[in-house]
Amino acid sequence: MSLLELDSVSVFYGQTQALYDVSLVVEPGEIVCLLGGNASGKSTTMKTILGLTTPRTGEVRLAGERVSRLAPAGRIRRGLASVPEARRVFPEMSVEDNLLTGAFTRRSGVRAELASVYESFPRLAERRRQPAGTLSGGEQQMLAFGRALMSAPTLICMDEPTMGLAPIFVDRVLDLIAALNRDRGLAVLMVEQNAELALSIAHRGYVLNTGHIALSGPAAALIDNPAIRTAYLGA
Amino acid sequence: MLDTALAGLVNGSSYALLALGLSLIFGVANVINFAHASVFAVGAMSGWWFSVDLDWPLWTVLLGVVAVTGLLGLVINLVAVTPLAKAPPIAALLSTFAVSVVVDNGAQLVFGPETRRFPALLATDNLGLGGLRFGTLDVTILVVAIGLMLLLGWFLRATRYGRAIRAVAQDRDAAAQMGIPLARVQNLAFVVASVLGGVAGVLGGMYLNNISPTVGSTVGMSAFAAATLGGLGSLPGAVAGGLLLGVVEAFGVSWWGGNARTLITFAVLLLVLWVRPSGLFGKRTPLAAEPMTGTFFGAARTVRLKPWQVAVAAVAAYVVPAVALDDYTVQIGVQVVVYAILALSLTLVSGQAGQISLGQAAPLAIGAYTSALLTTATGMDFWLSLPVAGVVAAVLSVVLVSPSWRLRGHYVSIATLATGLLVAAAAVNFDWLTNGPSGVSAIPPPSLFGAEVSAPLAVYFLDLTILLVVLLLVVRLRRSTLGRIWSAVREDEVAARSSGIAAADYKSLAFGIGGFVAGIGGALFAQQYGYIDPSVFGISVSLLALTIVVLGGLNSPLGAVVGAIVLVGLPEALRMLEETRMLTYGLLLLAVVLFRPQGLMGKVAR
């Protein structure tokens, strides 16, 4: 059964339609990337998946269960987690409190999860008492990953995880995503501006254009698609 | 020395508890909760009721107050803050202000307005340490207050919902993505803050010994000052600000007497806003770009009357009272006209230039005192004192408020509130000039062509004529280039400044012209009564002026006149009692903000 399904989802902001019959699936253990230019509907798609907006028509399903009307907390309990755009760590809270906030929806197993995150990211353990705002961009991205892992998800939604990072961190973050996918069997849905980088680690991809799914397919096929190359890869 | 410092700390711990709640709410909901002061009053009054009428012991009194004020906090959030979450912050500022008026005056109706003694539950002078004398009461207040602060600190650091409150305060969107229920967390923050405020009410009541349903407004203003002093949104700042202000006030009172307390509080508050608006502990971030009124009222356009309709209305305003109304009704008309002038001054400041003023009683008072003192003490002619009153009010308005032009939004409103209260406090304290609390009497009526203008109808004609001139001035100004610049500053200050508009200068100009108009109104006010004292220019006058313009349509000159007729004329004609009148103003303001933000005379643009 698919981890996540969007089934002909349409979303409106007031009178304005932002998404038109968007359908997509994420299977267990997959890295899927969502590509598209400005105002193509990427962020709205993410919001709809997380439960921050409600679709007017269509359905959102997590592991086969309808969640279209469920608040974010309910979706997180069903295995969804989020790495927000621009990381958005809580700057004045300590690293550890940031991680614990990621486990807000859980009542048990929090300490064990914390230990496991510290094991994966020793850097965070070193800085556990430090305010998150004092970390470097790369460390903040690690913290955002760790915070998402605290709810023991099966699928993490990432909104532009490489945005605003120094070039040396970009590759490291992509390696990290690939490693999370490989070692923990996590499925990842990520929105990216940088199509080439995203497709280099993804299994499949979707291309959004003005609220419609314009293209979809295996990463390798997309990367060779001439339309993609002209539109997003600048070649 | 030490006695005074200790007394200051004990009193300051009440301020600190209140300021903590204000900062907590500001952090989570981005709202300055003007109703928080009323929570203090309800805490004090219900504490009094539990201990005196029901004879409960202290710990059950505290538990009862916790329950009452916690519930009150929840209601304040659900009624006045949550429904306005998508409106700009000014809407919630007005609605919580309205709730505070409703709660204070509702409590007066329930408990009666009189001041009562808080029972001496604990001894006040039974302990000593070195040369210092103090009582179980002082120790209890400090222990309870510090205990609560530690408890709050533990709650915010070590519990799931405590962390959630901090997360929401730092990044609402990210918190939502972690599955934190924003609405529930905001409710919780209001409950926690209000419980602290309620307990502060009991402690403060025991300490002050005397309480009344309006005790909140004085203590609450001190708490605003304390929270701003520490840095809004900073919890350690709130504690430090509260204790510091308590000590400063205690020394000030011991040197200059009890009347000086409010003067010190608002002087400190204004000074902080001028010199270090982010407070002692605050970061420099809270002043984000935030056009205050544009989006809230911008959707409304004012109803326009045709010239012949205006002419008919003006002629009727002269003729009808002359032929059909008795002296009593004409006197009501005089009041309506003076308040309409005051409201028109706000139409310029708050409607056209978009700077919400909670202290428009200040230029009214300054104008009234200037004219009254000049005509009584120096024998100056009223007609000369009238423009002088306007100019003095204009200059002082600008001088007092313009240092806060570096600030935005909430802070400007706090500064105007402080200005209003400071002027009233100054009128009480500067008795060498103002004759203090006893006021100025025997103000001579003006004369015109050798005849005294003192009959109600004559006064009415005089005031009405000035109103029409002011109305014409305001309408012309709105259509001028200056009016368009003010609109630009109101709608989007950043964009206006990018277009080369010196926003601060234009805001000062709005306050100056508004102050001039209000000062003229004040002069008329003084001549009309022949007697003024500081209590006439309290916060209720500022509130009434604001309610008039919000009801009429914040940016509608005609609305100001209609609002004055509805809010000043009707209650007078119906002979409503003072408490019910204030209660009605509060409810009306709340209803307008919630349900008809464009006011009676505004229509929504389609």
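In chain B, α1(B) passes α10(B) in a right-handed crossing. A crossing is right-handed if the near helix is turned clockwise from the far one by less than a right angle, and left-handed if anticlockwise. This is a predicted model, in which local features need pLDDT of at least 70, side-chain atom pairs count only at pLDDT 80 or more, and totals for chains, interfaces and linings use all residues. Residues are numbered from 1 along each chain as its sequence is written, while chains are lettered from A and ligands numbered from 1 in the order in which they are written.

**The helix pair in chain B**

- Helix α1 (residues 2-29) of chain B and helix α10 (residues 235-256) of chain B pack at an angle of about 145°. Their axes lie 6 Å apart.
- Axes are lines fitted to C-alpha atoms, for helices over the stretch in contact; angles run from 0 to 180 degrees between N-to-C directions.
- The contact of α1(B) with α10(B) involves 16 nonpolar residues, 10 polar and one charged.
- Ala, Val, Leu, Ile, Met, Phe, Trp, Tyr, Cys and Pro count as nonpolar, Asp, Glu, Lys and Arg as charged, and the others, Gly among them, as polar.

**Domains of chain B**

- Chain B is assigned domain 1 (2-111 + 132-214) and domain 2 (300-604). The bounds come from an automatic or database domain assignment.
- The centres of the two domains, taken over C-alpha atoms, are 34 Å apart.
- In domain 1 of chain B, 17 residues are in contact with 17 residues of domain 2 of chain B. Contact means C-beta atoms, placed from the backbone, within 7 Å.
- Helix α4 (residues 89-111) of chain B gives the largest share of the domain 1 side, 14 residues.
- That side has 13 nonpolar, four polar and no charged residues.

**Chain A**

- Chain A has 10 helices and 10 strands. These are DSSP runs, numbered from the N terminus: helices are H or I, at least four residues, and strands are E, at least two.
- The radius of gyration of chain A, over C-alpha atoms, is 17 Å, close to the 18 Å of the globule rule for 235 residues, so chain A is as compact as a globular protein of that length. The rule is 2.2 Å times the number of residues to the power 0.38.
- The C-alpha trace of chain A spans about 45 × 40 × 35 Å along its principal axes.

**Where chains A and B meet**

- Chain A brings 19 residues to the contact and chain B 15.
- The largest share of the chain A side, four residues, comes from α3(A).
- By class, the chain A side has 12 nonpolar, four polar and three charged residues.

Key: Contact = placed C-beta atoms within 7 Å.
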